[in-house]
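Hello,

Here is the structure I promised to pass on to you. Have a look at it first, and then read my notes below.

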Amino acid sequence: MADAISKNATQLWDYAANSPWRLTQKPFRVAPRVYYVGNTWVGAYLIDTGDGLAIIDTTVFEGVYLVLEAVRDLGYDPHDIKNILLTHCHVDHSGGVNQIKAISGATVWQSKEDTEFMNQPANQELGNLFKNVPYLVDAYFDDNKTLNWGEVSIRTVLTPGHTPGTTSFFITVPDEKDGTLVVGLHGGVGPNTMTDEYFEKFGLDKGLRQRFIDDCERLKAIHVDISIPSHPAHGDLMSRISQNPMDYTPLVDAQEWPRFLDIRKNFAAQLVK
Ligand SMILES: [Zn+2]
């Protein structure tokens, strides 16, 4: 089983680096004002705030053109992206930052913790597979300051573990009938960077794994109507969506968020020796 998963991952990395068009995903709506613009391997989410566009994550350098095509496919203009928000600094999420910033002049947001971590050897791991493009961070998230843009508000929560500065997002959007919906995105749940071997290799604090586990439990208290993952496979996203790319309603399920957190928490707990 582990072998099958790693073979699959290796193949996806090869495609993402050398033939990214194989990972093309038609964009779809995950919530009012929120759209999936990533590929079949790694996510990126476009938010139409009503006062400019924001994008969460950028995929890899080699595949950022697919993100821009997806934005255009939805009828939006990549020049209108005002803010780029990063879940964490790994190159599969940040590899397209510079191009999107060059096109749009957008402000680049990341946690202070990952901005300090991003130039350390541990973050160069995927650098052999993908072009690692250094980027500048313009603004740090502040969990005490909700980002209010247009009709959308975004609350950030620092959730270390996968990286020291992984950030999760709680995006409140207007419901189409009345009221609001909360979209929850955990910024990074991959156990690959929470093993003892990894922590030892890079001199990182093993406490990061327990912090991840504790935070998964803590985050369950936040009500989330629509749970979206940073990699679609992590939350079985593609199996939960509608045939109609504009119909987000199959994703509305308040039980999915705690279920997802439990699954990811248990993966990390299995690494405890
Ligand atoms: Zn990562």
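**What I found**

Let me begin with Y248, which sits in the loop that runs between α8 (237-240) and α9; helices (H or I, at least four residues) and strands (E, at least two) are DSSP runs, numbered from the N terminus. Before going further, please keep in mind that this is a predicted model, in which local features need pLDDT of at least 70 and side-chain atom pairs count only at pLDDT 80 or more, while totals for chains, interfaces and linings use all residues. Residues are numbered from 1 along each chain as its sequence is written.

Y248 counts as buried because it has 24 C-beta neighbours inside 10 Å. (A residue is buried if 20 or more other C-beta atoms lie within 10 Å of its own, exposed if 12 or fewer, and partly exposed in between, with C-beta atoms placed from the backbone.) Leaving aside neighbours within four places in sequence, Y248 is in contact with R29, V30 and A31; contact here means that the C-beta atoms of two residues, placed from the backbone, lie within 7 Å. From Y248 to W109 the C-alpha to C-alpha separation is 27 Å, and the two are 139 residues apart in sequence.

Leaving aside neighbours within four places in sequence, V30 is in contact with Y35, Y36, Y45, V183, I226, I228, Y248 and L251. The largest nonpolar core has 64 residues, and V30, V34, V37, Y45, I55, I84 and V183 are the ones that touch the most other members. By nonpolar core I mean a set of buried Ala, Val, Leu, Ile, Met, Phe, Trp, Tyr and Cys residues joined through C-beta atoms within 7 Å. In soluble globular proteins, nonpolar side chains tend to be buried together.

V183 is found in strand β11 (residues 180-185). With 27 other C-beta atoms within 10 Å, V183 is buried. Not counting residues up to four places away in sequence, V183 touches V30, A31, V34, I171, V173, I226 and I228. V183 and V252 are 69 residues apart in sequence, yet 9.1 Å apart in space, C-alpha to C-alpha.

Next, a pair of helices. Two packed helices are described by the angle between their axes and the distance between the axes. The axes of α7 (residues 207-219) and α9 (residues 256-269) come within 9 Å and cross at roughly 160°, which makes α7 roughly antiparallel to α9. For these values, axes are lines fitted to C-alpha atoms, for helices over the stretch in contact, and angles run from 0 to 180 degrees between N-to-C directions. Angles under 35 degrees count as roughly parallel, over 145 as roughly antiparallel, 65 to 115 as roughly perpendicular and the rest as oblique.

Which residues meet between α7 and α9? On the α7 side they are R209, F212, I213, C216, E217 and L219, and on the α9 side L261, R264, K265, A268 and A269. By class, this contact of α7 with α9 has seven nonpolar, no polar and four charged residues (Ala, Val, Leu, Ile, Met, Phe, Trp, Tyr, Cys and Pro count as nonpolar, Asp, Glu, Lys and Arg as charged, and the others, Gly among them, as polar).

R259 also lies in helix α9. With 13 C-beta neighbours inside 10 Å, R259 counts as partly exposed.

Finally, a word on backbone angles. Most residues other than glycine have a negative phi. In this model, D57 has a positive phi near 70°, and T59 has a positive phi of about 60°. D57 lies in the loop between β4 (53-56) and α2 (64-73), and T59 is in the loop between β4 and α2 as well. D57 counts as buried with 27 C-beta neighbours inside 10 Å, and T59 counts as buried with 28.

Best wishes
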